[in-house]
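Hello,

Here is the structure I said I would pass on. Please open it first; my notes follow below.

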Amino acid sequence: MKQIFIVAGYNFSTWKKNPRIFLSFSIAFIFCFLLSDKVVNLAEKFDTSMQLFEPFIWTFGDSNSILLSSMILIFLFADMPFVTNATPFFLMRTTRKKWLLGQGVYIVFATFVYMAFVMLSTSLISMRKAFAGNMWSSTAVALGYSKAGEVLAVPSSVKAMTMSTPYRCAAEVFLLMLCYALIMVFMMLLFNLKFGQIGGVMAAFGFSVYGFLLNPQTIRAVLKTPEYEAYKINVFVGWASPLNHATFYMHNFGLDLLPRLWQSYLICIVLICILFAASLRAAGNYNFKFTGTGGR
């Protein structure tokens with residue numbers, strides 16, 4: 001375990017010398033500002049307050065926002081499997097399996113840090129109109145129980161307000177986003193080991209396109225499904241698409257057939273474990289190529 005965490009810690013130590021890290025987090029902050037600013041503007045317009053995490057809940061309760069925020073991770077992890085000057089030393093001191101386990105630990109913690117940054121950035125942007133109490137605000141009521149949320153394209157779900165509290169709801173949205181992002185990144189790692197960096201990037205983009213296309217509205221438009229059969233498509237997409245598993249309102253909060261939150265967590269964890277197990281297997285045949293600067 002010590003060797004595994006040393007490998008993961010070394011990857012974090014390279015952040016201060018890597019401009020791509022700074023650029024990735026900068027893009028994420030700008031992205032959060034553009035998405036959450038419309039909710040903040042509504043609160044300012046009606047002179048109402050917001051709970052600190054409500055902008056995060058309303059912004060990333062939408063599948064498209066989750067998809068776009070996760071795609072920034074493609075840029076953040078573009079150099080997987082992180083072959084550096086220190087890689088020959090680690091491979092001499094330990095095994096390929098332990099080295100890749102260290103990369104996996106790094107991926108999990110780095111993705112967690114990124115998602116936490118997104119969450120805190122969204123809250124920071126709205127701080128001037130926010131309060132910290134664990135109760136829904138009048139702005140949330142306006143978005144959830146009126147047409148204001150639809151006009152602003154904010155996925156304000158009344159179920160979120162009636163079935164949960166702001167802190168719990170924010171934690172659920174955060175965990176769902178984290179699970180989806182880890183699936184994409186570990187898929188990227190697997191294809192990177194098998195087909196190189198271009199293959200990994202293409203796999204991540206393909207996974208994102210799959211989530212984007214497997215959308216209830218898109219399927220209804222293509223199949224010209226009548227309104228009374230729309231629920232069947234919602235159920236199918238809710239189970240078949242990892243992106244919809246990561247979308248808070250696409251879950252069963254009562255008696256419908258959509259997946260429950262714990263089922264989505266379980267499915268995501270199983271997929272992550274399968275992808276990482278396949279990556280460990282692929283690492284045995286990975287052809288390391290070192291240049292004078294330690295790159296691959």
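Glu172 has a relative accessibility of 13%, which is under the 20% cut-off, so this residue counts as buried. Please keep in mind that the model is predicted. Glu172 is part of helix α10. Leaving aside residues up to four places away in sequence, Glu172 touches Phe248, Leu261 and Tyr265. With Tyr265 there is a side-chain to side-chain polar contact of 2.3 Å. Leu261 is 89 residues from Glu172 in sequence, yet their C-alpha atoms are 8.3 Å apart.

The other part I looked at is helix α4, residues 63–76. Its 14 residues should span 20 Å at 1.5 Å a residue, and the end C-alpha atoms are 21 Å apart, which agrees.

Of the 14 residues of α4, 10 are buried, so the helix is mostly covered. Among them are Ser63, Ile66, Leu73 and Ile74. The buried residues pack against α2, α3, α6, α10 and α13.

Helix α2 (residues 19–45) crosses α4 at roughly 170°, and the two axes come within 9 Å. The angle is over 145°, so α2 runs roughly antiparallel to α4. On the α2 side the contact includes Arg20, Phe25, Phe31 and Leu35, and on the α4 side Leu68, Ile72 and Phe75 are among the residues involved. By type, the contact residues are 11 nonpolar, 3 polar and 1 charged.

Regards

Methods. Residues numbered from 1 in each chain as written. Predicted model: local features only at pLDDT ≥ 70, side-chain atom pairs only at ≥ 80, totals over all residues. Heavy atoms only, no water. Axes fitted to C-alpha atoms, helices over the stretch in contact; angles between N-to-C directions. Helix = DSSP H or I, 4+ residues; strand = E, 2+ residues; numbered from the N terminus. Parallel < 35°, antiparallel > 145°, perpendicular 65-115°, else oblique. Contact = heavy atoms within 4.5 Å. Nonpolar A, V, L, I, M, F, W, Y, C, P; charged D, E, K, R; others polar. Expected span 1.5 Å × (residues − 1). Buried < 20%, exposed > 50% of the residue type's maximum accessible area, 1.4 Å probe, protein only. Polar contact = N/O pair within 3.5 Å; in protein donor to acceptor, adjacent residues only side chain to side chain.
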